[in-house]
Each structure stands twice: as C-alpha cells, then as structure tokens.
Amino acid sequence: MNLNHLKLFLAVAEQESILAASRVLGIPNSTLARQLKAFERQLGQQLILRSTRHLRLTAEGRALAERARPLIEELEDLGDDVKSHQGTLSGTLTVAIPSEFGVTWLNGCIAQFTKAHPSLELECITSMAPLDPVRRDVHVSIAYHRGDKADSTQVIRPLLTMKSSVVIAPSLLGDRSPPATIKALAGEPCISTLTALKANPWVFLDDRGQAVTLRTTSRYRVDSSQMLISGALAGIGYAIIPTAFCEPYLATGELIELTLDHTPAPLEIVAIYPDRNGISTRTRAFVDLIEAELKRSVGALEVPS
C-alpha cells in the first residue's frame, strides 16, 4: 500500500471534498484526483463515490479511513519523537485547559514553550474541560477533579493537590450555629459549579478516605474560582474552595471555615490522556512543564495542613 496515497485519501475523507483537500495539501485538484484513482486501482476497491456536487465514501472507504487514521497519526508521532531526541519538538499538539486557570497561571509558560520549539504547532482549547469524556482529538486535557476517578481506560496523571475548605460569610450565618455535619449542610443554600467537576464540587472523604458525594441546593452555579469566592463573600451560600484561595478572607473574618464530620476532598489538578497508547514526547514535555509551573506558582499559595 502506498502510504502517500493513503494520506491523500485521508485528507479527502476529512475534508469531504477533493477540491478542499487539494487546497489544504497544496497540490493541484487534478493531481489529487489522479492519485486517488491510482490508489483505488492498487487496492482493487472503489473508496469514493463522486458526483458533480457531492462526494461520499463507500463502505470500504469508511472502513479504511477509520482504521488507517490512527495508524497514520501514530507513524507521524513516531517520526516526531525521533526528531525530539535531537532536542527539538515538532508536530501538532492539541491541549485543553480550563479558561480562567490557563489565563491566570499558565499563559506565559505555554507561550515560552511554543517559542522554544519552532517546529511545534500548538492548539490550545480554553474551556472548563470535564474529566469525562475526553475528546479523542485532544492529546491531553488539564482539568480539575475532586473525588473518585472512575474511568480506568483514561490515563490520569496528578499534577497538584490543593486542600479544600467549606466556607460561609458571617452575614449568611447570622445568629445560627454553623452546620456540624454534611447531612445538615445538604439543606442549606450552597454554591456549585456549572460544568466543571461534573457540575458538583461537593465531595467529602469519610474516616476511611472514601469519597462521599453530597447533593446540594444551588441557585448560583459558576465555573470560576473567583466567582465562587465572590458568591461566598456576598452571602449567596456555602462554598467549597481551595483553602489557599480563601485564606486571606479567613484571616480577616470575611469568611468562616466550617468544621464538619467529613473532610472536604482536596481539589486535584490532573492531566488526562485519552488512552494508554501513543503519548508522544511533545505531550510528555508539555505536561512536565505544566506540572513544574503549577508547583512553582499555585503550589506556593498552599496553606500547610
């Protein structure tokens, strides 16, 4: 099988157009069509059904595209890894990073990483990346997590663990005593996340270290630590926040930390790979950089337990 022809076929399958693929590849439309015909003759199968306006794959073409695409990507990664041993990273690296988190702490080091490797193409999706599912076209996701890691098919690399606290503004508590159990907390107004942490950050650890999930009532759901803190300060509800982020407000008395019968599960920052195979050198190098930067900047904020 001619691998160059296979790559051309995959480009056409992805673009769903010979003309669009020829533009992406930078070769004449007629040349691409001629090479595709030669590829079909070599295989003895029609792969593409053409008309004046439409193009679609045959059943054989779809099967070939599905099986060949990961193989070609793996070969390209292998070539990039060989180049990486010479001290330079190359190829395309697609990553997903929570927006607020990435902009606040990682934007500078990611830019310097890209500058240091001129042959590397970096695509950075800034969103609140959930733990599950991980997009298969993303090489690595940097995500928040709290509680059990249920999906064993994913490769999850812990990068940083941050102690958490349940806090409340004195104005919301008033003259009442604060809840002493998570069962009592469940009936109180709480602040939650929208999409991050599976839309429920309220996870605790029992005396055996097992995760206990608490369902809370919330009318304020946000995917920003700063907005979580602002909501807590405004007296909207109880919040579970990394202790390092709310320590200044605990020191001034603007927030009060609760002592409960269960310990708040720490917030983990993790790297998630879609599967256990094909983790490239450039992906490992990127995650190593992120881990080092987190421990330098965010880790310095941690309050000793």
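## Basis

Residues are numbered from 1 along each chain as its sequence is written. In this predicted model, local features need pLDDT of at least 70 and side-chain atom pairs count only at pLDDT 80 or more, while totals for chains, interfaces and linings use all residues; side-chain values use heavy atoms, without hydrogens and water.

## Helix 9

Helix 9 spans residues 243-252. Helices (H or I, at least four residues) and strands (E, at least two) are DSSP runs, numbered from the N terminus. The buried residues of helix 9 are Thr243, Ala244, Phe245, Cys246 and Leu250. Buried means under 20% relative accessible area (1.4 Å probe, protein chains only).

Helix 5 (99-116), helix 8 (225-233) and strand 12 (239-242) are among the elements that cover these residues. Just after helix 9, Gly253 has a positive phi of about 85°.

## Nonpolar cores

The largest nonpolar core has 43 residues. Such a core is a set of buried Ala, Val, Leu, Ile, Met, Phe, Trp, Tyr and Cys residues joined through side-chain atoms within 4.5 Å. Ile142, Phe286, Ile290 and Leu294 touch the most other members. Helix 5 gives the most to this core, 5 residues.

A second, separate core holds 19 residues, including Leu36, Phe39, Leu47 and Leu57.

## Cavities

There are 3 cavities of 30 Å³ or more. A cavity is a set of points on a 1 Å grid over the protein atoms alone where a 1.4 Å probe fits but cannot get out; lining residues have an atom within 4 Å of a point. Grid points are joined across faces, edges and corners, and a volume is the space filled by probe spheres set on the points.

The largest cavity holds about 190 Å³. Of its 18 lining residues, Tyr144, Leu197, Ser225, Leu228 and Leu267 are the closest to its centre. Strand 12 gives the most to this lining, with 3 residues.

Technical notes
Buried means under 20% relative accessible area, exposed over 50%, partly exposed in between (1.4 Å probe, protein chains only). Contact means heavy atoms within 4.5 Å. On a 1 Å grid over the protein atoms alone, a cavity is a set of points where a 1.4 Å probe fits but cannot get out, and a pocket is an open set with protein on both sides within 12 Å along at least five of seven lines; lining residues have an atom within 4 Å of a point.
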